Amino acid sequence: MNAPTSQPPRLLDQIREALRLRHYSLRTEQAYIHWTKRFIFFHGKRHPRELGPHDVEAFLTSLAVEGGVSASTQAQALAALLFLYKQVLEIDLPWLDDVVRAKRPQRLPTVLTPDEVARMLACMESTHALMANLLYGTGMRLMECLRLRVKDVDLARREITIREGKGNKDRRTMVPVSLISALEKQLDTVRVLWQRDLTNALPGVQLPNALERKKPEEGKLLAWYWLFPGRELSTDPRSGVRRRHHAHEQGIQRAIKRAVLAAGITKPASTHTLRHSFATHLLESGQDIRTVQELLGHSDVRTTMIYTHVLNRGPMGVVSPLDRLPVR
């Protein structure tokens with residue numbers, strides 16, 4: 001009797017394996033799986049291997065024309081499908097010139113004044129206040145802040161190392177002098193929680209993929225512990241291990257929303273508004289744009305130049321001809 005042949009892995013499992021092999025983030029993995037499913041269902045559940053470039057074009061065009069998605073959403077769907085065909089199915093697609101591109105709006109970032117930032121921060125308390133101060137004081141993105149480890153904060157050198165930021169790049173930023181005391185207290189709090197987790201024989205915190213395989217016990221070291229650990233344990237969606245994760249982003253997002261309302265600020269401010277305000281206020285104080293580019297982690301200085309459009313040296317610095325008329 002012949003032994004049963006093993007079934008090849010399902011397409012979605014192949015995508016997950018290929019993404020994890022290349023160290024893509026969990027969020028990217030979830031997004032790519034989502035768009036692959038949307039693509040398959042759009043074409044009546046046919047296997048992508050049976051479909052071709054024109055089918056990809058039809059799907060992406062439909063997203064823009066009928067779905068009315070934003071340019072960034074359509075670009076994410078395209079990236080997911082290109083990964084599917086090139087990395088998983090090993091099929092090269094020609095450049096998709098016929099895709100109707102969603103129009104990318106040219107919008108200026110929302111920026112708070114220094115007074116508005118101060119009023120908002122004054123309405124925040126405890127750990128959320130420290131997070132918000134770090135976001136404004138360093139220009140970090142929200143998830144970059146939440147993913148900080150104990151070893152990434154060097155108070156002696158007044159440096160914070162941001163690991164695997166956007167584009168999988170590391171960079172350094174400053175520690176605001178006014179936050180040193182608060183960060184020392186946070187590190188003391190973290191040390192107590194870390195020791196409690198060790199006493200309770202909890203698994204170590206999640207490590208980067210390669211290190212997780214080579215040195216799984218490293219996750220139990222204080223150096224790798226989260227600077228902002230979550231209050232409750234959670235289950236790792238990839239490994240199924242129940243462990244301590246970093247604080248959830250919704251907590252700080254809601255805290256900032258409440259603080260904006262309490263401060264009487266009418267602008268649509270969010271966590272990312274603090275990053276915009278950081279860059280704009282640095283440029284207003286005379287910092288050169290290349291330094292701001294490095295602190296923000298932008299690959300291209302043209303991305304940083306968007307902040308020059310909201311400086312007082314732009315249209316707001318021009319005197320209206322009405323104000324030049326003789327006093328009547």
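Visitor: Which helices do the buried residues of helix 5 pack against?
Guide: This is a predicted model, in which local features need pLDDT of at least 70 and side-chain atom pairs count only at pLDDT 80 or more, while totals for chains, interfaces and linings use all residues. Residues are numbered from 1 along each chain as its sequence is written, and side-chain values use heavy atoms, leaving out hydrogens and water. Helices are DSSP runs of H or I with at least four residues, numbered from the N terminus, and a contact means heavy atoms within 4.5 Å. The buried residues (under 20% relative accessible area, with a 1.4 Å probe and protein chains only) pack against helix 6 (126–138), helix 10 (249–262) and helix 11 (271–284).

Visitor: Why are the buried residues of helix 5 on the same side?
Guide: In helix 5, which spans residues 114–122, the buried residues are Glu-116, Val-117, Met-120 and Leu-121. They lie on the same side because, judged by directions from the helix axis to the C-beta atoms, they cover an arc of only 130 degrees.

Visitor: Which residues are exposed on the other side of helix 5?
Guide: Exposed means over 50% relative accessible area. On that other side, the residues that are exposed are Pro-114 and Ala-122.

Visitor: At what angle do the axes of helix 1 and helix 4 cross?
Guide: Each axis is a line fitted to C-alpha atoms over the stretch in contact, with angles running from 0 to 180 degrees between N-to-C directions. The axes of helix 1 (residues 11–21) and helix 4 (residues 71–88) come within 11 Å, and they cross at roughly 85 degrees.

Visitor: Which residues of helix 4 make the contact with helix 1?
Guide: Helix 1 contributes Leu-11, Gln-14, Ile-15, Ala-18 and Leu-19 to this contact. From helix 4 come Phe-83, Leu-84 and Val-88.

Definitions and conventions. Helix = DSSP H or I, 4+ residues; strand = E, 2+ residues; numbered from the N terminus.
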